[in-house]
Amino acid sequence: MTTLLAILVAVGGLWALAYIGAPLLVTSAAIGAYIVALYGLGLMGPTAFAVTGGLFAVLAVVLNLRPVRRLVTKPIFAGFKAVLPPMTSTEREALEAGDVWWEGEMFRGRPDWNMLKSFKRTQLTAEEQAFLDNETVELCRMIDDYKTVYEDRDLAPEVWDFMRQKKFFSMLITKEWGGLGFSAYAQSCVVTKIATKSITAAVTVMVPNSLGPGELLTHYGTDAQKEQWLPKLADGTEIPCFGLTGVEVGSDATAIPDVGVVCKGEWEGQEVVGMRLTFNKRYITLAPVASVIGLAFKLQDPDGLLGDPEKTDYGITCALIPASTPGVEIGRRHYPSGAFMNGPITGEDVFVPIDWIIGGVEKAGGGWRMLVECLSAGRGISLPALSAAGGKMAYRLTGAYSRIRRQFKLSVGKFEGVQEATGRIAGLNYRLEAVRTLTASAVDNCAPSVVTAIAKYHMTEMMRQSLTDAMDVHGGRGIMVGPRNYLSSAYQSVPVAITVEGANILTRSLMIFGQGAIRCHPYVFPEMEAAREDNLAEFDKLLWGHIGFSMNRGVRALTLGLTGGALAKAPVDGPTAKYYKQLERMSTSLAFVSDVTMGILGGELKRKERLSARLGDVLSHLYMASAVLKYYEDEGRPEEDLPHVRWCLDDSLNTIYEAFDEFFSNFPVGFVGAAMRRMVFPFGRSYRPVSDALTGTIADMMMEPTELRDRLSEICYLPKEANDPVGLMEVAFDKLIQVEPLYNKYYKALSKGELTAMSLEERLAQAVDQGVLTQAEADQVGEYDRLRYEAIMTDAFTKEYLAGTAFHPDVEVDGQSDEQPAKVA
């Protein structure tokens, strides 16, 4: 019995030391003290004590005295260097781009919740709020989205002029250079509001405020370049675009075939050192209207004119080139999913001065770092804003439509089948807004690269799901293109968001975990650097720290699994405390599983994209779930929000379980996958999909005129005029809320066959005669029913309009006109 107790004390003590992550020296001292205690209590004889103590002393010396320990580390170091995959300069720059932020806490397994709680969400300044409430609203009011997308395939000239004059293209340019100098969060809010009216206008505003000449000049331009270009970009005199992608180059931007050869040539009557550029760019937004081009190409200096005869290949370089430069071919348009300006740019042997390189000659070859650094932050603003807009409008309008539209004598939003879609729209919209606000605020404080990749991928996918669900609920009302349809242009534009700024398949399968595992892990990248620098002393320190880290995370993962997360910490009390604990549990599991995976697969993990994608999903949902909790806290923990918070957290935890489950099932070394499963989920499945009841609750809330509904739609452009398709739905919904009890009395009588007249007016007269309604009530019901009918109505066109021989969808035109007729695409 005494021996058993001693064993239990030893196991429990070692387990506790590993769980708290005790340093190696502390652990060694504790084991030594335990051996001495056994001897002192007579539980170990002199001989056993001498042998055990001697062996342990040798081991403790080897592990704790670094000069001695390096003898053990040295062969490991040699093996590590032998299998370390080569890293190109472009891969290194991509990995080093941006900062590690909250995602690092979630990845490392012991999140510091106080860090998240104390993080201050960006607040709009008075100037930014005024711009959102005035100039942005006025811009939305000016746009006819149907005409823009389906007739003109372009924004109206007065819209272009207004955007220039009001500096919509220069939100990121500082006031010093004449720009608005807005925060990332303010830019996100502006783009979100515009996108709720017109995706075309939103994309047009996004591009100059995202990766492009303005941002590159701000961060890297020479003083002369800033003075020449930034004021003109700020006031709209110059319209920029950026040429990166091409016919055979999309996601792998480092493979661009476009070249610039350093040479001498004549410029403005003088011989100067310059570059002869040959390029063929495609898919370039704003190219057809751009007056200045940011161009990425590979710079070569075969004659050593830049001063280094040993260096002939400089790599990717960025230059700023006026569109009017001789030899540049620009102006033709692609026809993307949407009506925004997009087109090709080509040039052959275009000679430009060498000082047109952004940042000057000193930045020759520095283009890739510029691009990945700017893009790592930019991903957190524009496309998340676009996605949030899609989610908000799907939420707001589908909620209204599903209450207004009746089938089988019941609002369609009350059917459980429909609620599966509408509940998902509601839950995703809450998550979208939480991630948008947190990520944009993060960009205001640093340049988080992994977080923005998470936001870009998952928010665009949530928008896709939300709009698909909205179309399903609207049925024929959603698929019939016309001025009344407020969904079609956004739905049509979904592939744009999915594809640009890093295709979603690439982002999920390679970037999120691939970059996150190296950047967020406290030891992996430093170990790689120590190996490349042949620094044995540093590698030794990191290696043994890494071993301790892995043991700690493994023990914590199993302990938290066995206790259902009960030992994890929560920074709050109340209904959300359990979710903090479960996120910490899954964070610890991710750290443990990642270490085991990288240790076994090594560089092979780079090619196991589906495994990488699943671990990326775990990291992503840890981030998004913590964003939801942060949003709930920042909003003051409203009781009304709780069903949405629960939906988001239940869905994220279930998604994390499914990602881990698929990961373990497909792990190449089967017994290792099975062992990891037992460590993470010792009692089997821990999380379940969102319940039908909870989904139904938030689906019902979506149809109610609540404070939450208004808050989640706050940034939307929501006119209240019935001549606007969105305004018509808003007016009809507001009227229904006022008269629904009266309308239900009328509708009940109608359904029972008590009102037999054919026209609305005659049926209402019957209702008054039979005492179902008073005359005043009948007038109100009649007003609503006319609005209701208009709100669910779809457009119909003359065949002449669709054939392009009439100028308006509702007007048939005989004869001929000198004007170019409109035509629906």
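## Arginine 396 in helix α17

Arginine 396 has its place in helix α17, which covers residues 382-404, and the model in which it is seen here is a predicted one. Because its relative accessibility is 6%, and buried means under 20%, arginine 396 counts as buried.

Leaving aside residues up to four places away in sequence, arginine 396 touches Arg709, Asp710, Ser713, Leu718, Lys720 and Glu730.

Strand β2, made of residues 259-267, and strand β3, made of residues 270-285, run antiparallel and are joined by nine bridges. Within this pairing, tryptophan 267 has glutamine 270 in β3 as its bridge partner.

Strand β3 also pairs with strand β7, which covers residues 342-353, again in the antiparallel sense and over nine bridges. Here lysine 281 stands opposite isoleucine 345, a residue of β7. As a general point about such elements, the side chains of a regular strand alternate between the two faces of the sheet.

## Two residues with positive phi

Most residues other than glycine have a negative phi. Glutamate 268 has a positive value, with phi near 55 degrees, and this residue is found in the loop between β2 and β3. The hairpin that these two strands form has two residues between the strands. How does glutamate 268 count, as buried or exposed? Since its relative accessibility is 73%, and exposed means over 50%, glutamate 268 counts as exposed.

Arginine 637 likewise is a residue other than glycine with a positive phi, near 55 degrees, and its place is in the loop between α26, residues 609-634, and α27, residues 642-665. With a relative accessible area of 32%, which lies between the limits of under 20% for buried and over 50% for exposed, arginine 637 is described as partly exposed.

## The cavity and its lining

When the whole structure is searched, one cavity of 30 Å³ or more is found. The largest cavity has a volume of about 40 Å³.

Which residues line the largest cavity? The lining is made up of Phe169, Ile173, Pro208, Gly214, Leu233, Glu238 and Pro240.

Key: Residues numbered from 1 in each chain as written. Predicted model: local features only at pLDDT ≥ 70, side-chain atom pairs only at ≥ 80, totals over all residues. Heavy atoms only, no water. Helix = DSSP H or I, 4+ residues; strand = E, 2+ residues; numbered from the N terminus. Buried < 20%, exposed > 50% of the residue type's maximum accessible area, 1.4 Å probe, protein only. Contact = heavy atoms within 4.5 Å. Pairing = 2+ DSSP bridges. 1 Å grid on protein atoms, 1.4 Å probe; cavity = no way out; pocket = protein on both sides within 12 Å on 5 of 7 lines; lining within 4 Å. Points joined across faces, edges and corners; volume = space filled by probe spheres on them.
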